[in-house]
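Let me put the structure up, and then we can walk through it together.

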Number of protein chains: 2
Amino acid sequence: MFESAELGHKITKAFYRQQVPDLREALLDAQIDLLQTRKFPVIILIAGVDCAGKGETVNILNEWMDPRHIETHALRDLTDEEFERPPMWRYWRALPPKGKLGIFIGSWYSNPLLDNVHGSIKNAELDQQLERIIRFEKMLCDEGALILKFWLHLSKDQQKKRLKSLEKDPATRWRVTDTDWKHFKLYDDFHRVSERMLRATSTAEAPWLIVEGSDPRYRYLTIGKAIQMSLRQRLDAPEVPNVVEPFPPITMAIDGLHILQTLDLKKKLEKTQYDEELEKWQGKLNLLSRHPRFKKISLVVVFEGNDAAGKGGAIRRVTQALDARLYRVASIANPTDEEKSQPYLWRFWRHLPRKGRLAIFDRSWYGRVLVERVEGFCSHADWMRAYGEINDFEEQLVRHHTVIVKFWLAVSQDEQLKRFNEREKIGFKRFKITDDDWRNREKWPHYEHAVCDMIDRTSTEISPWVLVEANDKHYARIKVLKTICRHLEEALGEA
Amino acid sequence: MFESAELGHKITKAFYRQQVPDLREALLDAQIDLLQTRKFPVIILIAGVDCAGKGETVNILNEWMDPRHIETHALRDLTDEEFERPPMWRYWRALPPKGKLGIFIGSWYSNPLLDNVHGSIKNAELDQQLERIIRFEKMLCDEGALILKFWLHLSKDQQKKRLKSLEKDPATRWRVTDTDWKHFKLYDDFHRVSERMLRATSTAEAPWLIVEGSDPRYRYLTIGKAIQMSLRQRLDAPEVPNVVEPFPPITMAIDGLHILQTLDLKKKLEKTQYDEELEKWQGKLNLLSRHPRFKKISLVVVFEGNDAAGKGGAIRRVTQALDARLYRVASIANPTDEEKSQPYLWRFWRHLPRKGRLAIFDRSWYGRVLVERVEGFCSHADWMRAYGEINDFEEQLVRHHTVIVKFWLAVSQDEQLKRFNEREKIGFKRFKITDDDWRNREKWPHYEHAVCDMIDRTSTEISPWVLVEANDKHYARIKVLKTICRHLEEALGEA
């Protein structure tokens, strides 16, 4: 795999000087087109063996292009804010918006590689992590990102020479650290694991380009041209209308039976029993949130449901039980323009809670497969892939000891009509019924279909959906509280 | 000052029960009006003596209002990302956007109070810090924020009783910490310093309301009503057109002499000398950025100047000398909608560098007193107050060991015309001259006037403006590099 990058590639000074001006011009040109059209974000990874010139290369790229529209990230130690979120959080928050370039030295590949070489994760786990990376990068590409991955390679001899020559020069001595020599001793291990990693993660959407690192001019020109050509090609490509439907249509079961029909919406709780249970479960939830081990986990509660199903009321019964210092309610409305310039899930990542905290989502990332699907706000392909992306997202949360509880609050069509009419009668603006609400109501069967698909495709063992019979508000609120308590008890080992 | 809050205020259960429903309705009503109109942000501080019920009160407020549009912040220990920025950074990033409420337990008052009581800052420094707080809050109010500050008070006897009764009850025992008892021993000191602090910071825009804390019902109703009434009053107030001009008009000196005229725009550097000096100063800058003590400071470089004065080129000569991992160029264009919903300076605070890093601003917070002033994008009052706000902002940076270097790149009208024409001839889109550029040019005297005022009012000892004669690009670039090096040397103690 590295053979071609050990041939001793070299570029003469004369050829380099002749090539650079045009390349710079073309790079700048592409960069400005990108900035003006804001068509897509560009994510450039510069990885490879130690001292193969990653930093120098990134400096040259910043010199050749307009550094005002490049964000360079050299992510090393986790800050404590990063440490308390899933590992990918730091990369999500560093993603470049559409129109800009983000260059990463040290990326999501660093830890899997190091951990495997140092033996802290076995090959099976490495493969698992690489598989997740592939899915992550595929999602980015599906969201429109251009990902360019460069691996700077040095043969063992070359690396040794390079370390020694850097050490000899007083101006560069600081660049060689003990870690570099330690890594050099592990060269063969690094070689083996890198190869496995590169092979596994060289996908059609985001292939690796391996570049011999020993000759700077060769390295700069190769990478510069690759970036320039990829950018230009992508900029000039005709906009493919994102409506290809290579998927079989999703249909309801032929006999018309579906999961929402299994709900007994007549379930009720009398007022006196409700008052009792409310006190009981709110007290319980309060205690659980102050459990010493709660500091080691976090909690994410998702509320989805029919319009007027009582999400707001249910959320209030939950927050009443909690110390306001611990929770944050994220009320999901239209994305801001900063959110629109990022992949779909970005605006949810930014609300993830720290350890010992909880976030309640009033509507959530499921909007993609509900309202956006039904109203045609995104393409068939977009919402079809969202199921997998959402499952991946939630899996990351769970792996990071986040407890996820997802509620679908279901009311019958009749009950919804009753509530709409009541709200219009009260006329109190906080309950104002909009034209949208009535329109959505007309699409009831479509929404029902979307909800059933959502449950089928995203109710997983680690993050199951809880369907709440919500025709009776008392019953629904108690079921919500009880469910959160049960999930928490289990997570805290108190069940 | 605390006399009225030691009278033993009490509310009967019956009266409370009678009052609460209407209050909640009115609070919710106001909150929804706020959310829908997005007129202003609401900043609520809940401060006061230990165990006076701050947490409980915040919980009640979240219960009474819609918690989906309230952000509660209990800021205690600094995260390491906060630690590496000026102290106010953590509050800036927690500010609520227009339309929302932000409740702070533990605010910018916490440290001055604690530090003075524990003797780590003297009264003079306390007063200085309070003065800065007043200026900060005034700026927030001028930007439209509604600030409501509540101080929960307990007499010494009441606090003792409260601590003991909390300790007695197994359900609340956890709330009393050693620190609480330690603070209780310092009650008289806290009392004295709090009084000084409240007196000094009770301003017309943001007065304190002192509330007796011993009776929860009294406390909740008092604070709830105060919030409701303030919100309602502010929501119903007619929009005051923000164009009052209580300031004397700023005029140019009667003899027409001004600071920009003192520049000798004929200054030049020949190509050969330029090449030599470029290498010398870039080398120097590179060394300085790798100086061990550089890790303890940060660097902010601001570029302002006439259109086509060569800002981009100068910035590139600076970044060329630096490791791309250390710097970030913030290119200031139109604010995003998230930025628009915040005070003016918010979008610059978010780009502040960590220790050991540098941020280069291609245009900056000075837009307020340049383009926004001249084009009438903000009111006279807005840009007039901006001078002071900017000085305060930069002072905070300097106090946090940030080196600030500010450049004004000046070209003559003739030279600008020459460059505009050249750019139109090249036709290469990256240099496209827009109609705006030509329009701005017609306003040359107005811009000149604004620049002179800016220099007069914001060139301070700690953060002076450096005027750069930029008719000759070589000369300008070397002056920029040299100046940055000199400032850095001084800061690193290498001068």
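Let's begin with a sheet in chain B: five strands in the order 7-8-6-9-10, open, with parallel pairing. When I say strands pair, I mean that DSSP finds at least two bridges between them. Helices (H or I, at least four residues) and strands (E, at least two) are DSSP runs, numbered from the N terminus. The edges belong to strand 7 (327–331) and strand 10 (465–469) of chain B, each of which pairs on one side only. On average, neighbouring strands here are turned by 20° against each other, direction ignored. For angles, axes are lines fitted to C-alpha atoms, for helices over the stretch in contact, and the angles run from 0 to 180 degrees between N-to-C directions.

Before I go on, a word on what you are looking at. This is a predicted model: local features need pLDDT of at least 70, side-chain atom pairs count only at pLDDT 80 or more, and totals for chains, interfaces and linings use all residues. Residues are numbered from 1 along each chain as its sequence is written, chains are lettered from A and ligands numbered from 1 in the order in which they are written, and side-chain values use heavy atoms, with hydrogens and water left out.

Strand 6 (residues 298–305) and strand 9 (residues 402–410) of chain B run parallel and are joined by eight bridges. Which residue is the bridge partner of B:Glu304 in strand 9 of chain B? That is B:Trp408. Lying across strand 6, strand 9 and strand 10 of chain B is helix 20 (residues 473–492), at about 155° to strand 10 of chain B.

Now the other sheet I'd like to show you. Five strands of chain B form an open sheet with parallel pairing, in the order 2-3-1-4-5. Strand 2 (70–74) and strand 5 (208–212) of chain B are at the edges with a single partner strand each, so one side of each has no neighbour in the sheet. Five bridges hold the parallel pairing of strand 2 with strand 3 (residues 101–105) of chain B, and there B:Thr72 stands opposite B:Ile103. Helix 2 (residues 54–64) of chain B packs on this sheet, touching strand 1 (42–48), strand 2, strand 3 and strand 4 (146–153), and its direction makes about 165° with that of strand 3 of chain B. By touching I mean heavy atoms within 4.5 Å. Helix 6 (residues 123–142) of chain B also packs on the sheet, against strand 1 and strand 4, at about 135° to strand 4 of chain B.

Next, a helix pair. The axes of helix 7 (residues 156–168) and helix 8 (residues 178–185) of chain B come within 11 Å and cross at roughly 160°. That makes helix 7 of chain B roughly antiparallel to helix 8 of chain B; the cut-offs are under 35 degrees for roughly parallel, over 145 for roughly antiparallel, 65 to 115 for roughly perpendicular, and oblique for the rest. Among the residues meeting there are B:Leu163 in helix 7 and B:Trp181 in helix 8 of chain B.

Finally, the two chains. A rotation of 180° with 0.0 Å of shift along its axis superposes chain A on chain B, RMSD 0.0 Å, by least squares on the C-alpha atoms of residues with pLDDT of at least 70 in both. The two copies are thus related as by a two-fold rotation axis. The same surface serves both copies, since 100% of the contact residues of chain A recur in chain B.
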